[in-house]
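This briefing goes through selected local features of one protein chain, grouped by topic. Please read it alongside the sequence and the coordinates.

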Amino acid sequence: MQFIKNGPDVPDRLLQEHENGRVVFFCGAGISRPAGLPGFGELVDDLLQELGVTNTSSVLKEALDAKKFDTSIGLLENEIQGGREAVRSCLEKLLTPSAIDLKTLSTHDALLTLAKTREEKTRLITTNFDRLFAQVIYQKNVQIESFYAPLLPIPKNTWDGLVYLHGFLKEDATSSDWDRLVLSSGDFGLAYLTERWAARFVSELFRNYTVCFVGYSIDDPVLRYMMDALAADRLRGETTPEMFAFGGYKRNKRVERENEWKAKNVTPILYAEDKTHKN
């Protein structure tokens with residue numbers, strides 16, 4: 001079903017699952033673009049500029065060229081003076097929008113509405129660190145519990161709240177708060193491979209709900225780690241409901257982009273990008 005002219009065609013089966021309260025929206029950096037916040041790749045570029053890094057090692061340069069942004073951050077933290085804390089202390093400035101209004105928060109507002117079930121339970125997940133969802137909750141004066149990694153709820157029927165799966169950028173954050181953010185390849189390794197608290201949450205979520213990704217690019221490192229976790233489950237014979245993702249495509253690239261999403265076992269809901277897409 002198309003809700004707007006020339007917009008994405010939303011499958012009826014997804015609409016039915018949402019009506020039944022079985023859809024969970026999984027939100028990435030793209031939903032914060034209207035507020036002027038960067039995607040993962042842009043964040044790495046901004047960090048380099050903010051830290052005044054002009055000369056990088058050949059290994060870091062190779063990671064940047066290959067768009068391995070999580071690896072790039074890990075290498076950057078190892079190479080500069082002040083290391084991990086120096087990098088993360090920059091996030092407050094880079095992930096705080098200069099101005100916020102109803103337009104820039106409209107997507108967050110809509111997702112909070114869509115995430116509400118008939119039983120008035122909120123089931124929403126973001127891998128963003130920014131405070132834009134919190135701003136909407138404050139402005140609307142609604143009561144929604146938030147969960148911050150690694151202290152996560154069990155994603156079953158009793159779950160009610162907004163999950164910051166990779167952490168949350170608190171105001172006046174301390175070094176301990178920065179350390180909890182899942183940002184570098186090492187952080188992802190702990191969350192999804194070694195300690196596996198994120199992998200367990202994702203696996204349980206995908207077994208119990210129909211997940212719909214919003215605001216992710218096809219090559220987002222976040223998707224890579226989640227899909228790897230799910231692939232491991234499938235090797236053990238686990239089955240999951242169908243997954244969906246809203247995604248854009250450039251001119252004459254629709255079939256290519258559709259196949260890329262399907263290769264990840266995700267059903268794409270595609271729309272044509274235009275010059276205003278990032279805004």
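This is a predicted model: local features need pLDDT of at least 70, side-chain atom pairs count only at pLDDT 80 or more; totals for chains, interfaces and linings use all residues.

**Helices, loops and buried positions**

In helix α10, which spans residues 185-194, the buried residues are Asp187, Phe188, Gly189, Ala191 and Tyr192.

**Helix α10 and what follows**

- Just after α10 comes Arg196, which takes a positive phi of about 65 degrees.

**Helix α12 and its ends**

- Helix α12 runs over residues 221-235, and its 15 residues reach 21 Å from the first C-alpha to the last, close to the 21 Å expected at 1.5 Å a residue.
- At the N-terminal end, α12 is capped by Asp220, a side-chain oxygen of which lies 2.9 Å from the backbone nitrogen of Val222.
- Val222 is itself one of the buried residues of α12, and the others are Pro221, Leu223, Tyr225, Met226, Met227, Ala229, Leu230 and Asp233.
- After α12 comes Gly237, with a positive phi near 90 degrees.

**The packing of α7 and α8**

- Helix α7 (residues 106-114) packs on helix α8 (residues 132-140) with the axes 9 Å apart and at an angle of about 75 degrees, which makes α7 roughly perpendicular to α8.
- On the α7 side the contact is formed by His108, Asp109, Leu111, Leu112 and Thr113, which meet Leu132, Phe133, Val136, Ile137 and Lys140 in α8; by class, this contact has 6 nonpolar, 2 polar and 2 charged residues.

**Asn128, a buried loop residue**

- Asn128 lies in the loop between β2 (123-126) and α8, and Asn128 counts as buried because its relative accessible area is 8%, below the cut-off of 20%.
- The side chain of Asn128 reaches the backbone oxygen of Gly28 at 3.0 Å.
- Once neighbours within four places in sequence are left aside, the contacts of Asn128 are Cys27, Gly28, Ala29, Ile31, Ser32, Tyr164 and Gly167.

**Leu60 in helix α3**

- Leu60 is placed in helix α3 and counts as buried, at 1% relative accessibility.
- Not counting residues up to four places away in sequence, Leu60 touches Ser72, Leu75, Leu76 and Glu79.
- Leu60 and Leu112 are 52 residues apart in sequence, and their C-alpha atoms are 38 Å apart in space.

**Backbone features in loops**

- Lys67, in the loop between α3 (58-65) and α4 (69-79), has a phi near 60 degrees, a positive value in a residue other than glycine.
- The relative accessibility of Lys67 is 53%, so Lys67 counts as exposed.
- Asp172, in the loop between β4 and α9 (175-179), likewise is a residue other than glycine with a positive phi, in this case near 55 degrees.
- With a relative accessible area of 73%, Asp172 is exposed.
- Pro150, whose place is in the loop between β3 (146-148) and β4 (161-164), is joined to Ala149 by a cis peptide bond, with omega near 0 degrees.

How values were computed
Residues are numbered from 1 along each chain as its sequence is written. Side-chain values use heavy atoms; hydrogens and water are left out. Helices (H or I, at least four residues) and strands (E, at least two) are DSSP runs, numbered from the N terminus. The expected span of a helix is 1.5 Å times one less than its number of residues. Buried means under 20% relative accessible area, exposed over 50%, partly exposed in between (1.4 Å probe, protein chains only). A polar contact is a pair of N or O atoms within 3.5 Å; within protein, one must be able to donate a hydrogen and the other to accept it, and residues adjacent in sequence count only if both atoms are side-chain atoms. Axes are lines fitted to C-alpha atoms, for helices over the stretch in contact, and angles run from 0 to 180 degrees between N-to-C directions. Angles under 35 degrees count as roughly parallel, over 145 as roughly antiparallel, 65 to 115 as roughly perpendicular and the rest as oblique. Contact means heavy atoms within 4.5 Å. Ala, Val, Leu, Ile, Met, Phe, Trp, Tyr, Cys and Pro count as nonpolar, Asp, Glu, Lys and Arg as charged, and the others, Gly among them, as polar.
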